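Colleague: I would like to learn how to read this model. Shall we take it feature by feature?

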2 protein chains.
Amino acid sequence: MVRRRRMVRDYDPYRPVPPEVRDRLLAHAVRAPSAGFSQGWGFLVLETAEERGRFWTATAPPPPARPDRWLTRMRRAPLLVVALSHRDAYLDRYAEPDKGWTDRDEARWPVPYWDVDTGMAALLMLLTAVDEGLGACFFGVPAERVDAFRAAFGVPEGHRPVGVVSVGYPGSDDRRSPSLRRGRRPLDEVVHRGRW
Amino acid sequence: MVRRRRMVRDYDPYRPVPPEVRDRLLAHAVRAPSAGFSQGWGFLVLETAEERGRFWTATAPPPPARPDRWLTRMRRAPLLVVALSHRDAYLDRYAEPDKGWTDRDEARWPVPYWDVDTGMAALLMLLTAVDEGLGACFFGVPAERVDAFRAAFGVPEGHRPVGVVSVGYPGSDDRRSPSLRRGRRPLDEVVHRGRW
């Protein structure tokens with residue numbers, strides 16, 4: 001499952017994601033770990049053509065950031081799940097008596113675990129899609145479109161889109177990311193044994 | 001695999017992690033997705049008693065942040081893999097011609113994908129450990145100990161420990177996190193359909 005996973009960027013627009021697969025994706029998403037079991041995340045599920053169209057209209061960046069053909073194919077995905085992180089849920093959780101960071105100071109956090117945990121939830125959706133014989137892709141909402149995205153779906157200020165998982169049966173015109181030509185970094189370059 | 005995964009916080013100190021399992025963990029870690037295939041991550045592998053002792057000495061927080069019994073059990077883990085993110089690799093990657101963010105401005109990033117992607121790599125190690133019949137836990141290095149951790153292992157400034165994966169065969173004294181008593185949030189609370 002781990003080795004078979006790769007991003008799929010074209011979808012068969014005539015084959016919807018079966019409801020039981022969609023439900024399994026979401027059931028697995030919430031099995032991601034979360035610091036202090038904060039579970040400071042939310043998942044916005046967009047399935048109808050109207051909902052998906054509203055998403056693409058609000059968020060699609062102007063060219064040349066993403067060429068039209070990327071968008072043309074990605075728009076065919078019958079299901080989008082936007083994974084959002086909720087920082088305040090973490091600050092609140094760690095202000096509880098058993099944690100005791102009552103100042104709610106974000107500087108106590110070496111890493112924004114609200115984003116990391118939500119990313120893990122997204123990865124579990126990607127892996128589940130592979131396991132079910134579907135394809136999926138993970139991509140971000142451009143910073144300059146986040147406000148428009150929130151407005152389009154009534155998302156409150158405190159919730160941040162960490163990324164979107166598009167899901168569907170792979171289309172015939174799927175293309176590998178040109179970035180892959182860079183090659184995978186060899187293990188002995190990224191792994192340090194005993195010290196850096 | 002997804003449903004069986006949970007954090008294991010006690011380990012059998014007499015059963016090391018087989019080298020082929022350790023290698024599979026690392027091979028799977030680098031199969032995580034990364035924005036622009038930046039792969040801005042590093043993995044510090046600590047196996048000998050000396051290496052692991054150095055880690056715990058440098059990073060263990062004073063009580064009562066983590067009770068001694070947490071540390072007593074966690075110290076039995078025969079393998080620690082520290083997953084580190086490298087922000088500059090992402091800023092450099094997105095300044096290349098096909099991305100074109102030549103200003104290297106961090107504000108362009110809606111979310112720190114260097115931390116998110118590295119967290120995904122850590123999750124793949126957690127899942128692989130389960131798949132191999134071992135136990136694992138993911139935990140952070142406290143913000144106030146990051147400098148001491150870097151000094152202990154010669155880690156350069158630009159690399160940030162996103163978290164540590166402890167791995168081993170589960171011990172007999174494993175305890176569930178008290179945080180789990182909070183209960184999992186019901187799906188209909190975290191899932192929003194069509195709009196928030």
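**Strands, contact and symmetry**

Modeller: Start with strand pairing. Strand 2 (residues 79–86) of chain B pairs with strand 4 of chain B in the antiparallel sense, over eight bridges. Two strands pair if DSSP finds at least two bridges between them. Strands are DSSP runs of E, at least two residues; helices are runs of H or I, at least four; both are numbered from the N terminus. This is a predicted model: local features need pLDDT of at least 70, side-chain atom pairs count only at pLDDT 80 or more, and totals for chains, interfaces and linings use all residues. Residues are numbered from 1 along each chain as its sequence is written, with chains lettered from A and ligands numbered from 1 in the order in which they are written.

Colleague: In strand 4 of chain B, what is the bridge partner of B:Leu80?

Modeller: B:Ser166. Strand 3 (residues 135–139) of chain B also pairs with strand 4 of chain B, antiparallel, over five bridges. There, B:Ala136 stands opposite B:Val167.

Colleague: How many residues of strand 4 of chain B are buried?

Modeller: A residue is buried if 20 or more other C-beta atoms lie within 10 Å of its own, exposed if 12 or fewer, and partly exposed in between; C-beta atoms are placed from the backbone. In strand 4 (residues 159–168) of chain B, 10 of the 10 residues are buried, so the strand is largely enclosed by the rest of the structure. For chain A, 40% of the 196 residues count as buried.

Colleague: Which strand of chain B pairs with strand 5 of chain A?

Modeller: Strand 1 (residues 41–46) of chain B, in the parallel sense, over three bridges. One bridge joins A:Val191 to B:Phe43.

Colleague: How many residues does each chain give to the contact?

Modeller: Two residues are in contact if their C-beta atoms, placed from the backbone, lie within 7 Å. Chain A gives 61 residues and chain B gives 60. Elements giving two or more residues on the chain A side include helix 1 (19–29), helix 5 (113–131) and strand 4 (159–168) of chain A.

Colleague: What rotation superposes chain A on chain B?

Modeller: Copies are superposed by least squares on the C-alpha atoms of residues with pLDDT of at least 70 in both. The rotation is 180°, with 0.0 Å of shift along its axis and RMSD 0.0 Å. The two copies are thus related as by a two-fold rotation axis. Of the residues of chain A, A:Val116 comes closest to that axis, at 2.3 Å (C-alpha).
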